[in-house]
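Subject: Structure for you to look at

Hello,

Here is the structure I promised to pass on. Please open it first, then read my notes below.

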Amino acid sequence: MGIFKLKSNYKPTGDQPKAIEQLVKGVKNGDRYQTLLGVTGSGKTFTMANIISQFDMPVLVIAPNKVLAAQLYREYKNFFPENSVNYFVSYYDYYQPEAYMPITDTYIEKESMINEDIDRLRHKATSALLLRKDVIVVASVSCIYNLGVPIEYFGSALHLETGKFITRGDLLRQLVKMQFLRTSGALKRGYFRLRGDVFEISPASGESIFRIELEEQKIGEIALADPVTRKIKEVLNEIVIFPPKHFISSEPKREQAIKEIKKELKERLKFFEEQKMYLEAERLERRTRYDMEMLKTIGYCHGIENYSRHLAGKLAGDPPDTLLAYFPAGKFLTIIDESHIAIPQIRGMYEGDQARKNILVQYGWRLPSAQDNRPLKFTEFEKRVGHVICTSATPADWELKRSSQVVEQIIRPTGLIDPPVEVRAVFDKKTNKTQVDDLMFELKKIVKKKERAIVNVLTKKMAEDFSDFLTKAGFKVRWMHSDTKTLERAEILTNFRKGEFAVLVGVNLLREGLDLPEVTLVAILDADREGFLRSETSLIQTMGRTARNIDGRVILYADNITGSLKRAMNEAERRRKIQLAYNKKYGITPRSIEKQIENLLDLEK
């Protein structure tokens, strides 16, 4: 038995046993890249779970968006309840990056709103990777961004055990050095409270309160307390407390970093003066000296990540330490879910980030070393991952060319075949009816049967306006797009499955991987608008959202059959023929997927 304990009421069926066998063999043979071409509803996640259970190494699962990451997190957590399954995505509810527009001489300061729940889950993931081996981290592309130095993070951790000699003052000073804040009021994540010789510490993971009681200058008792009731849940012999911030460094490292920052500042100021760029020199000196003073005084400053090269002791151009650096080098399995979307995201992050940073450096808002606070280049990402399995119903050329094998998973365990696809006119001249008129007629039938429908439109504004229109017409409807906050997205999908509303309108989020068995209709408006949102891949993925229900069907509203529409419908027909032949051969009666409705994320404190 391996370190991962797979729990499931089902056994692999259909194409799953063959896919598991072939992909496991590929990993054992040392294949660097493999691809699982699995149709929607064929159980790709279950297949991956079975593969994970056969290896004794940590796993990184990369998803192209936060919604899909949350869904995968819940699925893997259900499959591996005894193991450590974690969620790691960007913790910003709102993020406006620092930028400068020279044409209008406009400086935009970094603004952000950090979600405390997601930050807690991020710390839980990194601490788990440093403490145990049976770890699965489900992450977004946030995993390739700078995340401090793992050695410093782990080195700054405080190891306490019963009977260890330590004075009250030493423990207090150590917590402050780790960036914990003292409070006499409410105890929040990253804070500690001191009452006599009893320390109450709320770690970054925020799941429990550490209660440390000192007796005669040594640790008398270590306990875990409930964060709400403060009741003792468990008495421990030892604990490890990690810093509440990922960007942390020891005092000697900070002192050395400040020296290096001073040297770089001096060189940059000399350059600006030679170029007679006095304004740029003045603004850079003012900002940098203020930041150095903050680092020297409290060990932290706003935008500390921009000095990460110096704090980490790296050379110019060296790649940053990201979540991948918390995994054992090259000795972990990487699963890239919906790889046709996720891989282009990973490839494109570096160039976009550098374009913005170059302007900031050029005009004196940041030192040149700020450019090393960046996401990984794609070549750097490839060097840091070991065995990679890409999964997608529509793998792109990159995966197909790089993979040593492409394993197809066309047959669904439930016997379901791809939904029938119908093309209807955007505007019917004979009846003088539009796609909206026709769709409203179909949605009334959906509501009457207490089923669910997804409506895919072209823009965020259209999603909001169309939702308002349907609401006024008496439908229970919600919209969801990229402006919807991370946790709200998970809540919307859960409520959708519960039947609190029947119609979900969206743009691009309602595509890859969403597991919504209650959906019986997918309607794609303006399906003949050739482009990214109506490409062959996008159409196949969107159509697949109704492939988990036996009554599922797809309506494409189009006046012309574009090349993408034709290819998408041909691929759907090819898969239907394979699935029908399999069902006939083995006498299988198709049935809808049944899946328990539960919250996607664990947000209890």
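Start with a side-chain pair: T40 makes a polar contact with R545, side chain to side chain, at 3.3 Å. Bear in mind throughout that this is a predicted model.

T40 sits in the loop that links β1 (33-38) to α2 (44-52). Is T40 buried or exposed? It is buried, because its relative accessible area is 6% and the cut-off for buried is under 20%. Beyond its neighbours within four places in sequence, T40 is in contact with A393, R412, G544, R545, A547 and R548.

**The chain as a whole**

The secondary structure comprises 17 helices and 27 strands. Along the principal axes, the C-alpha atoms fill a box of roughly 80 × 65 × 55 Å. Of the 605 residues, 56% count as buried.

Residues 24 or more positions apart account for 76% of them.

The accessible surface is about 27,600 Å². Carbon and sulfur atoms hold 51% of that surface. As for charge, the chain carries 96 positive and 82 negative charges, and their mean positions are 2 Å apart.

N83 lies in the loop between α3 (66-79) and β3 (84-88). With a relative accessible area of 8%, N83 is buried. What does its side chain reach? A polar atom of the N83 side chain lies 3.0 Å from the backbone nitrogen of K5. Sequence neighbours within four places aside, N83 is in contact with I3, F4, K5, R132 and D134.

K133 is in the loop between α4 (116-131) and β8 (135-139). K133 is partly exposed, at 48% relative accessible area. Its side chain reaches the backbone oxygen of D56 at 3.2 Å. Not counting residues up to four places away in sequence, K133 touches I3, F4, D56, M57 and P58.

**E293**

E293 belongs to helix α8 (residues 278-298). How exposed is E293? It counts as partly exposed, at 48% relative accessibility. E293 and I258 are 35 residues apart in sequence, with a C-alpha to C-alpha distance of 9.0 Å.

Most residues other than glycine have a negative phi. Two residues here go the other way.

D105 has a positive phi, near 50°, and is not a glycine. D105 is found in the loop between β5 (99-101) and β6 (106-108). D105 is exposed, because its relative accessible area is 51% and the cut-off for exposed is over 50%.

N432 is not a glycine either, and its phi is positive at about 60°. The loop between β21 (427-428) and β22 (433-434) holds N432. At 56% relative accessibility, N432 counts as exposed.

Best wishes

Technical notes. Residues numbered from 1 in each chain as written. Predicted model: local features only at pLDDT ≥ 70, side-chain atom pairs only at ≥ 80, totals over all residues. Heavy atoms only, no water. Helix = DSSP H or I, 4+ residues; strand = E, 2+ residues; numbered from the N terminus. Buried < 20%, exposed > 50% of the residue type's maximum accessible area, 1.4 Å probe, protein only. Polar contact = N/O pair within 3.5 Å; in protein donor to acceptor, adjacent residues only side chain to side chain. Contact = heavy atoms within 4.5 Å. Areas by Shrake-Rupley, 256 points an atom, 1.4 Å probe, with all protein chains shown as cover. Lys, Arg positive; Asp, Glu negative; His and termini not counted. Charge placed at Lys NZ, Arg CZ, Asp CG, Glu CD.
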